Structures are given as C-alpha cells and as structure tokens.
Amino acid sequence: MQQLSTDKFPSLAYRKAGQGPVLMLVHGFPENGGLWDKVIPLLEKDFTVIAPDLPGTGESSLVENMTIEDMAHSLDAILRHEGIEQAVVAGHSMGGYTALAFAELYPQKLVGLSLVHSAAGADDEEKKETRRKSIELIKKEGGKEAFVKQMIPNLFAASFKEQQPEVLQEQIERANSLPAESMIAFYKAMINRPERISILKKISCPVQWIIGKEDSVVPPAKAAEQSKESERTFVTVYENSAHMSMLEMPVRLAGDLKEFAQYCYHHHLK
Ligand code: MLT
C-alpha cells in the first residue's frame, strides 16, 4: 500500500501495481480499494494500476462533511503525488459518481472515463428518503450490520449468489469493516451530489459504460439511455451480471477495461 498526506487528506492510501499508461480504479459503496483485487493482476501487465481507498475506507481517513467533489480531489491528490498528468479513470457505482466529478473538475487530466455499473443522474426524492432511513438504521446499535446483511445480497446476480456464497460473505465482511461514520458520510455525499448528465454532454474523451443486465442498483435501461449523451461512447451489457462484475466476472471486466483504456491512449491527443 502507498500512502500520502496533505492538509486536506491527512491519510490517503492506494494500491499501485504494474507499469505503463495509468488506469485508476475507483471503488464504490460500501467497499474499499480491495474490491479490485481480482482484476488488478489481470491489468498490471499493461497498465500502471492505481486503486485508492476513498477517504473514510480502508487505510484512508475520513474528511469532515465529505462531498463527492472531495472524493474527486482525493484522486487528483494521488495523481499529483505520483507525478502523473493524465489517466483513464474507471469508477464503480459511487466510484463512477466520483469519476464524473473528477471529469468536471479536472477535464484536462482525463484520457478516458469508464462507468462500471454507474450513472450520471442525481438521487430522486424517493432515493434520498431511502438513504435517510438507512442512515437512521446505521446509527443504531447493530444497525450497520443489519444494513449490510440486507444490502449486499441485492448487489449480485441470483445464480452467482448460489454458486459463490463465499464471495458474498467476503463482501459482507469488507462492508462491515467500514466504520458507521464513513457509511453515513458516503450516503450524505450521495444525497447531496448534483446530476452530471450535463458533464457527459460536455466530455471530450471516450466514455465506457459497463452495464449489468441484472443490476438492481443502477437500472440497465437508465444507464443505456444516459450513454447516448456523450459523443464517443462504448457500451457493453453483461447478460449474467448484476452490480458487481469485478467479482461476478472479473476476467471479462478486466478484458473490457483493457481494451477501452488501450483505445483511449491510442486515440488520445495531448
Ligand atoms: C455503490 O455501489 O457504490 C452504491 O450502491 C451506489 C448507490 O447507492 O447509489
């Protein structure tokens, strides 16, 4: 693990592997950079892979009143620390919301944007209310564990859950390792995030959409619709995946990320 410290981010940890052009992998909620453990070994031959622990997860400290923009700034802090000028950034779900904020704040640093089971809209009122209720549950004694137990199985395709219950269990353990305080901070950050469909329209680099046909968090139809907003779009739909292709079908996902990132670097004009 690599570690850095700035005024804004007292402790920021990230995995760094391989060499070559940079591919940054940003995890979602309620995870940490370990989410990418199965795909990093498949990508490190071709790329310098960087997988942060977002603030408040793994070995990275939480920042006060954290926003999605703060999370995007944390990606930039890592790139600056590494002396990296440009990267392809792939974000899973909340990591995709973060990558979109990065696209807005640092467009000149982005060579390609991959949205892995993610989308660019804001929460509607119903979603915000569901999150507020979850925050109340997480605050209660034993509430975090109850929330995780109910949430995690919904992220996976039915057949996968049956065939690989141990992966589900690992994911429950990773989620439970997050402090309740961090979970609440992430939910508040997501409630408050603005829509970034307008950013998709402006974005000049290629945008990849990885869509799970069985995803119940990011409806496939919504992602497919939004994918039409940007100019250079690559859409891949996984028939047998839900929200977690980095665990459900890591070889396929790594292959698609590799192909996309190579395309981006090949066609990129500095
Ligand atoms: C995630 O997987 O990052 C979250 O479930 C996204 C969300 O709750 O919107």
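Five helices each supply at least two residues of the lining of the largest pocket: H3 (94-105), H4 (125-139), H5 (143-151), H8 (180-192) and H10 (220-226). Helices (H or I, at least four residues) and strands (E, at least two) are DSSP runs, numbered from the N terminus.

Before I go on, two notes on the source. This is a predicted model, where local features need pLDDT of at least 70 and side-chain atom pairs count only at pLDDT 80 or more, while totals for chains, interfaces and linings use all residues. Residues are numbered from 1 along each chain as its sequence is written, and side-chain values use heavy atoms, with hydrogens and water left out.

Now the terms. On a 1 Å grid over the protein atoms alone, a cavity is a set of points where a 1.4 Å probe fits but cannot get out; a pocket is an open set with protein on both sides within 12 Å along at least five of seven lines; and lining residues have an atom within 4 Å of a point. Grid points are joined across faces, edges and corners, and a volume is the space filled by probe spheres set on the points.

Back to the largest pocket. Its volume is about 670 Å³. The lining has 31 residues, and Lys127, Arg131, Tyr187, Ser216 and Val217 lie nearest the centre. Which helix gives the most to this lining? That is H4, with 6 residues. By class, the lining has 15 nonpolar, 9 polar and 7 charged residues. Here Ala, Val, Leu, Ile, Met, Phe, Trp, Tyr, Cys and Pro count as nonpolar, Asp, Glu, Lys and Arg as charged, and the others, Gly among them, as polar.

What takes up the space of the largest pocket? The ligand does; a molecule sits in a pocket if more than half of its atoms lie within 2 Å of the pocket's grid points. Around the ligand are Gly28, Phe29, Ser93, Met94, Tyr97, Arg131, Met151, Met190, Val217 and His243, each with a heavy atom within 4 Å of it. This shell divides into 6 nonpolar, 3 polar and 1 charged residues.

Next, polar contacts, which are pairs of N or O atoms within 3.5 Å. A polar side-chain atom of Tyr97 is 2.6 Å from an oxygen atom of the ligand. For Phe29, a polar backbone atom lies 2.8 Å from a ligand oxygen, and for Ser93 an N or O atom of the side chain lies 2.9 Å from a ligand oxygen. On its own the ligand has 270 Å² of accessible area, and the protein covers 98% of that; the areas come from the Shrake-Rupley method with a 1.4 Å probe.

Phe29 comes up again in the backbone. The peptide bond from Phe29 to Pro30 is cis, with omega near -5°. Pro30 is in the loop between strand E3 (22-26) and helix H1 (40-43).

How many cavities of 30 Å³ or more does a search of the whole structure find? There is 1, and the largest cavity has a volume of about 30 Å³. Tyr97 lines it together with Leu100, Ala119, Ala120, Arg193, Pro194 and Arg196.

Last, the second largest pocket, with a volume of about 290 Å³. Of its 18 lining residues, Pro107, Leu110, Ile203, Ser204 and Cys205 lie nearest the centre. H3, strand E6 (110-116) and helix H9 (197-202) each give two or more residues to this lining.

Conventions
Polar contact = N/O pair within 3.5 Å; in protein donor to acceptor, adjacent residues only side chain to side chain.
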